Amino acid sequence: MELALSPEDAAFRDEVRAFIAENYPKEMRVPNPETDLTKEQSLLWHRILYKKGWIAPLWPKEYGGPGWSITRRFIFEQETSRAGTLPPLAFSVTMVGPVIYSFGNDAQKQKFLPRILSGEDWWCQGYSEPGSGSDLATVRTKAVRDGDHYIVNGHKTWTTLAQHADWIFCLVRTDPSAKPQAGISFLLIDMKSPGVSVRPIITIDGSHEVNDVFLEDVRVPVENLIGEENKGWTYAKFLLGNERTSMAGIGRSTRYLDRLKKIVKAEIPADDPAHLELSKEIGRIELDVLALEATELRVIAQMARGIDPGPAASLFKIRGTEIFQGITELTHRAIGNYGLALREQPLSANQFMPGPDYIHTASEKYLNARKLSIYGGSNEIQRNIIAKAVLGL
Amino acid sequence: MDIQFTEEQELLRSSVQRMLRDQYSFETRRKIVASEDGWSRRQWGAFAELGLLGAPFSEESGGLGGGPLSTMIVAQEFGRHLVVEPYVETVVLAGGLIEHAGSKEQKQAFIPDIIAGQKIWALAWTEKGSRFDLANVATTARREGDDYMLSGEKTAVIAAPWADYLIVSARTAGKRDDRGGVSLFVVDARAANLDLRSFKTIDGRRAAEITFRDVRGELLGSEGVALLEACRDRAIGALCAEAVGAMAELNSATLEYSKARKQFGVTIGSFQVLQHRMVDMFIAHQEALSLMQHLNLSLGAGESGISRLASGAKSKVGYAGKFIADQAVQLHGGMGMTDELNVGHYFKRISSINIQFGDPAHHLLRYVQLDAAA
């Protein structure tokens, strides 16, 4: 399914396609790019896109964005995900970058934006805390003013790739007496500051993606406050809106579906009833993908005409994650007994995994994908949002 | 896939909407369904006058050249109002077959009367045991001079009791379920040796069991061309549009009800379990709408490989419709069970659409098998 493109946009699509084919680093084509790459390896593509001027499609031109239309942004997103490229770190480019250029002061823009674009700074997100779950406004990490500094004490958790991070953007409580949403500020903290420590959280797939981040008497210069004190909730919500865009994940789901079909073909004889049984379930998911893709194109076409899509992002988050979870589940089922095997982490070259290559990451993907319906505002929260904003309930 | 409608298409939509709002209330429909004939010739005339019956036909055939997208627009609104008159049967099925396969003489003889609302048509293809297989045809056609003599039985032919003409599938070669040996014939519904027994359908329409004993028929196009397959794809485009229209009405009725109906001192719409259910109904409708539009756009563009997409859409829209209809009745509680409320009637319409030309499970299987064959 394709957008009806003007000749110029079609030429742009071809350009993007060719650029990926020629430039995507071979070192990044590993069994599971999300867990198997070192920090340096995962930044290779980032730097190539930076050089090309394509690293931050969302950003306005004045801050280093490419100045693309909505349609071109969508084409870029579609082509990079169809080609299976690892997207640049979202916490830097998609999340904190837009907050800084939208609400930060000139000094902050000059200091941080170029380093985000170049990949020099790796950012992580300090939103969640133990006990806060989807209810982010319960932030307990405290920042107390002391002259030109805030003294920050608290505990952030589920912090993705904090082990690589140079900076963390944090929600901190600056006014304990105000209502939960009103006393929050948005603070940028250097991970090298004394008092910051990171402890890995190993998830059920065995991988180390997320962390606890402890902040003990961390001195943060006041100049690292974004916008106004106690207005952090506004900036946090703005950021969450960005987080949920392009969550439909059509390109990724399509690639995994193609792979799944090949696995079924290789693993189960065509005349085995299990083959048909599985094929029908795959067919249903394939139709879910097709319908979601058609919905996404419909929304993109509306946005290109200046129509506000409302909370369409919530719909994409819900269905995109449900679909991808379904695909990883079917893949895990398709490999039968091999589904018992799980790669050991951390990886090493002499580990033994049974069965053909294509099954090696099936178990870990299946396990890891459980997170999708939980993070970024759980799917139940997304349903609350649609119920309120669309249905008026 | 930009679905920005043209000005003409928007005009078509708003004029259908206005007409149905003014002339086809649920109470009016109830009277039509309860009438002796079970449909309204007057209403059909009004559709013709508004240009709805000619909208999809080419300008060459005397139509407005709107193609599948105009059918989609009309069918979606008809679905919202549960229109019982045989639009799909006459315009999409028969009209489409005549336009795509008929000779020049046949087009001239039949299409103007369809556009003018003078003649009603029905398509007789289902047989006992054929289930959803277009090629499974036992009815035979024997050549006799310029014409053919048809013998056999057709079952559950929707709108046949209202029809002036039937298009009948019959075997001219091969054995039962041989795809290449099925031809189509135009038969006068009042022809000699044609026996028609009428019955009511679950969605308030009429259908018939038909027996042919040497009934005279006129060959449509040429012998043994698998015309019904493309016809099914077009039918699915229209039926999915109707279903999506019905789903939209069910969702808004359910939402409205949940905001008014009180239990335990609060509106039932304040219960999170029901809110989430209605969100899922909303999403199901959005997805069905997108896929249905995608199918009709592809039909309109005359793309190849449509048949697999048509089956996919019939399946996905069918399951979505079933989910929404089930939940709409459930959330309306006892009221959803009553004949008085329109909700149950939408439920029945969606159930009927889900059977026509194959149910969601049948089309899912077909979608999968066409992929394996590719």
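**View 1. Chain A is split into domain 1 (7–88), domain 2 (123–230) and domain 3 (247–389).** These bounds come from an automatic or database domain assignment. This is a predicted model: local features need pLDDT of at least 70, side-chain atom pairs count only at pLDDT 80 or more, and totals for chains, interfaces and linings use all residues. Residues are numbered from 1 along each chain as its sequence is written, while chains are lettered from A and ligands numbered from 1 in the order in which they are written. The centres of domain 2 and domain 3 of chain A, taken over C-alpha atoms, are 31 Å apart. Domain 2 of chain A gives seven residues to the contact, and domain 3 of chain A gives nine residues. Two residues are in contact if their C-beta atoms, placed from the backbone, lie within 7 Å. Which classes make up the side of domain 2 of chain A that touches domain 3 of chain A? That side has one nonpolar, five polar and one charged residues. Here Ala, Val, Leu, Ile, Met, Phe, Trp, Tyr, Cys and Pro count as nonpolar; Asp, Glu, Lys and Arg count as charged; the others, Gly among them, count as polar.

**View 2. Chain A holds 13 helices and eight strands.** Helices (H or I, at least four residues) and strands (E, at least two) are DSSP runs, numbered from the N terminus. The radius of gyration of chain A is 22 Å, close to the 21 Å that the globule rule gives for 393 residues, so chain A is as compact as a globular protein of that length. That radius is taken over C-alpha atoms, and the rule is 2.2 Å times the number of residues to the power 0.38. Along its principal axes, the C-alpha trace of chain A spans about 75 × 50 × 50 Å. Buried residues make up 42% of the 393 residues in chain A. A residue is buried if 20 or more other C-beta atoms lie within 10 Å of its own, exposed if 12 or fewer, and partly exposed in between, with C-beta atoms placed from the backbone. Among contacts in chain A with a separation of 6 or more, 71% join residues 24 or more positions apart.

**View 3. A cis peptide bond joins A:Gln345 and A:Pro346.** Its omega is about -5°. A:Pro346 sits in the loop between helix H11 (312–334) and helix H12 (362–368) of chain A.

**View 4. Chain B has 11 helices and nine strands.** A compact globule of 374 residues would have a radius of gyration near 21 Å; chain B has 21 Å, which agrees. The C-alpha trace of chain B spans about 75 × 50 × 40 Å along its principal axes. Of the 374 residues of chain B, 53% are buried.

**View 5. The contact between the chains brings 25 residues of chain B to 26 residues of chain A.** On the side of chain B that touches chain A, the elements giving two or more residues are helix H8 (272–300), helix H9 (306–332) and helix H11 (360–373) of chain B. H8(B) gives the most to that side, with 12 residues. By class, that side of chain B has 12 nonpolar, 10 polar and three charged residues.

**View 6. The largest nonpolar core has 159 residues.** Such a core is a set of buried Ala, Val, Leu, Ile, Met, Phe, Trp, Tyr and Cys residues joined through C-beta atoms within 7 Å. Which residues have the most contacts inside this core? They are B:Ile167 and B:Phe185. Helix H7 (residues 227–260) of chain B gives the largest share of this core, 16 residues. Domain 1 (7–88) and domain 3 (247–389) of chain A both give residues to this core, so the core lies between them. B:Phe185 touches residues including B:Ala141, B:Tyr148, B:Leu150 and B:Val168, not counting residues up to four places away in sequence. A second, separate core of 53 residues includes A:Leu89, A:Trp123, A:Leu136 and A:Trp233.

**View 7. H7(B) is mostly covered.** Of its 34 residues, 26 are buried. At 1.5 Å a residue, H7(B) should span 50 Å; its end C-alpha atoms are 50 Å apart, which agrees. The expected span is 1.5 Å times one less than the number of residues in the helix.

**View 8. B:Asp214 has a positive phi, near 55°, and is not a glycine.** B:Asp214 lies in strand E7 (residues 206–219) of chain B. Is B:Asp214 buried or partly exposed? With 13 C-beta neighbours inside 10 Å, B:Asp214 counts as partly exposed.

**View 9. B:Phe357 has a positive phi of about 60°, although it is not a glycine.** B:Phe357 is in the loop between helix H10 (343–355) and H11 of chain B. With 23 other C-beta atoms within 10 Å, B:Phe357 is buried.
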